[in-house]
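Welcome! Take a moment to look at the sequence and the model, and then let us walk through them together.

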Amino acid sequence: MSIVAKVIAQSDEANRFLSSAELAKLQEFFSSSTARVSAAQKLAANQQKIVDEGSKRFWAQCPNTPSNSGNPQKTALCQRDQGWYIRLVSYCLLAGNSKPLEDIGLDGMRDMYVSLGVPLANLKLAMKCIKEVALGGLTAEEGALAAPYFDQLIRAF
Amino acid sequence: MQDKITAAINPADEKGNYLEGAELEALQNYFRTGEMRVRAASQIGESAASIISETVAKSLLYGDITLPGGNMYPTRRYAACLRDLSYFLRYATYAMLAADTSILDERVLNGLRETYGSLGVPIEPTIQAIQAMKEVVTSRVGADAGQEMDVYFDHLIAGLS
């Protein structure tokens, strides 16, 4: 549910037109849309590079972790998931809120990784590294739009 | 409900894809019209009551429908008509903001014909009123936004027809 759908649902619930605060919020969203689109495009184009460079930084700080265990299958799966989270951040940029991340990637996430035996603390560090590399490829404006979604992801681990 | 953005993200996620190419372009086109949509929603919200009054004056007020025996008589039924017209206006405005008709299907049209049938509300004058509302809204929000609102009013008319 995008920011647009969310304010509409809110207004509908209260049987009214959108409030001026809600309209202002949408206005702000639309005026940042050029930067949102270009940030999403850069994340899409650089996903592989971001994951590779993020992994290097992560392993330098945390060498003893499943993705660095020497089992190529594990490495591939961990990096695949990290790439998916970058994709979800790109959805959030376009949706104007963190709902895509929450609905697709956070709901049930802890249970899944605990069951897989992947240490959440390690994932948290890995995501911090991913964020760092990803923001490095964005302008300040794009980075400011993307950072909160990465932060929410990091907090969730 | 769906909106233009969610409707683009969901199928992309099903395939594990980023939004690119034609899908992203469609979204960009929507974003470019965002300011117009917000402005129109604001204008409509601020003057909803007067839009409804003018709509009734244009379409229903001077016909037999407001006389004894008509469907807008007595006052209780007149008020119910105003309320329904204000629903049409509000939901068309939501749909215009979302650039998606699904909220009209889910919240307005679902079962409406049947409800009107059982209450004896005539469809033809309802459609005339929505047609009049299109003109009134366009005169308030301008041609571009009016054209966009027409899409959703027409969807209501098609659903009632």
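What pattern does chain A follow when read along the sequence? Chain A follows the pattern α-α-α-α-α-α-α-α. In other words, chain A has eight helices and zero strands. Here, helices (H or I, at least four residues) and strands (E, at least two) are DSSP runs, numbered from the N terminus.

Before going further, please note that this is a predicted model, where local features need pLDDT of at least 70 and side-chain atom pairs count only at pLDDT 80 or more, while totals for chains, interfaces and linings use all residues. Residues are numbered from 1 along each chain as its sequence is written, chains are lettered from A and ligands numbered from 1 in the order in which they are written, and side-chain values use heavy atoms, with hydrogens and water left out.

Here are some values for chain A:

| Property of chain A | Value |
|---|---|
| Span of the C-alpha trace along its principal axes | about 60 × 35 × 20 Å |
| Share of the 157 residues that count as buried | 52% |
| Accessible surface | about 7200 Å² |

Buried means under 20% relative accessible area (1.4 Å probe, protein chains only). The accessible surface comes from the Shrake-Rupley method with a 1.4 Å probe, and 54% of it belongs to carbon and sulfur atoms.

Now let us visit one residue of chain B. B:Thr126 sits in helix H8 (residues 123-141) of that chain. B:Thr126 counts as buried because its relative accessibility is 10%. Leaving aside neighbours within four places in sequence, B:Thr126 is in contact (heavy atoms within 4.5 Å) with B:Phe88, B:Tyr116, B:Val121 and B:Leu160.

Key:
Buried < 20%, exposed > 50% of the residue type's maximum accessible area, 1.4 Å probe, protein only.
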